[in-house]
Amino acid sequence: MLSLSIRPPRRRLRAFILGALLAGVANLAHAGDITAEEYRVKASFLFNFAAFTFWPEGGGETLSICVYGGDPFGSHLDALMDRKVGERSVRVRRVGSVDALVDCQLVFVPRQMISNLGRVLDGVDGQPVLTVADSPGALASGVVLNMDSSAGQIRFSVNLAAARRQGLGLSSKLLNLATEIKR
């Protein structure tokens with residue numbers, strides 16, 4: 001049975017919902033700013049995905065957000081360092097191999113590394129690791145959350161079966177914001 005050790009505070013939930021709605025509905029207007037703005041918003045989504053995930057008890061004092069391969073976030077992800085998810089401090093790591101995913105609680109697989117998604121999923125299978133991508137087909141391949149910005153808006157889909165397989169629970173508030181839920 002999954003123990004729920006992190007309960008998102010209401011204030012953070014309201015901020016996430018407002019931010020998600022604004023970010024998801026707002027068009028990423030200027031072509032030159034699309035990538036920088038897109039990954040600034042996606043970095044915020046990663047933090048909130050972690051905050052609205054129910055993790056097994058005994059996860060330690062830190063929550064490591066890991067980017068596998070090339071990092072499209074730049075300094076936007078670094079801004080999350082030492083923020084809190086429940087009682088845990090966020091740590092950001094960039095990793096170049098599946099073996100280096102040890103001690104990662106959230107793994108982001110960027111578009112340019114999606115060909116290695118199967119290896120990443122095999123490497124974290126059965127562990128309490130939230131897998132996130134931003135590539136077409138990633139949800140069907142087994143990631144827990146997949147972000148999509150193809151329409152100039154950032155949206156996300158959820159794979160509940162993958163979350164259960166990893167021993168994770170997702171807040172109903174998070175599920176209500178998803179554009180697709182694969183059960």
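Let me start with Arg-93, which lies in strand 4; helices (H or I, at least four residues) and strands (E, at least two) are DSSP runs, numbered from the N terminus. This is a predicted model, in which local features need pLDDT of at least 70, side-chain atom pairs count only at pLDDT 80 or more, and totals for chains, interfaces and linings use all residues. Residues are numbered from 1 along each chain as its sequence is written, and side-chain values use heavy atoms, with hydrogens and water left out.

Arg-93 is buried, meaning under 20% relative accessible area with a 1.4 Å probe, protein chains only. What is the nearest side chain of opposite charge? That is Asp-103, 5.4 Å away, and Arg-93 has no salt bridge (a side-chain nitrogen of Lys or Arg within 4 Å of a carboxyl oxygen of Asp or Glu). Its side chain does reach the backbone oxygen of Val-102, at 3.1 Å.

Now the strands. Strand 4, residues 88-95, pairs with strand 2, residues 62-68, in the parallel sense over 7 bridges; pairing requires at least two DSSP bridges between the strands. Tyr-68 has Val-95 as its bridge partner in strand 4. Strand 2 also pairs with strand 5, residues 106-109, again parallel, over 3 bridges, and there Ile-65 is partnered by Leu-106.

Last, the cores, meaning sets of buried Ala, Val, Leu, Ile, Met, Phe, Trp, Tyr and Cys residues joined through side-chain atoms within 4.5 Å. The largest nonpolar core has 38 residues, and helix 2, residues 34-51, gives the most to it, with 9. Apart from that core lies another, of 17 residues, including Tyr-68 and Val-95.

Conventions: Buried means under 20% relative accessible area, exposed over 50%, partly exposed in between (1.4 Å probe, protein chains only). Lys and Arg count as positive and Asp and Glu as negative; His and the chain ends are not counted. A polar contact is a pair of N or O atoms within 3.5 Å; within protein, one must be able to donate a hydrogen and the other to accept it, and residues adjacent in sequence count only if both atoms are side-chain atoms.
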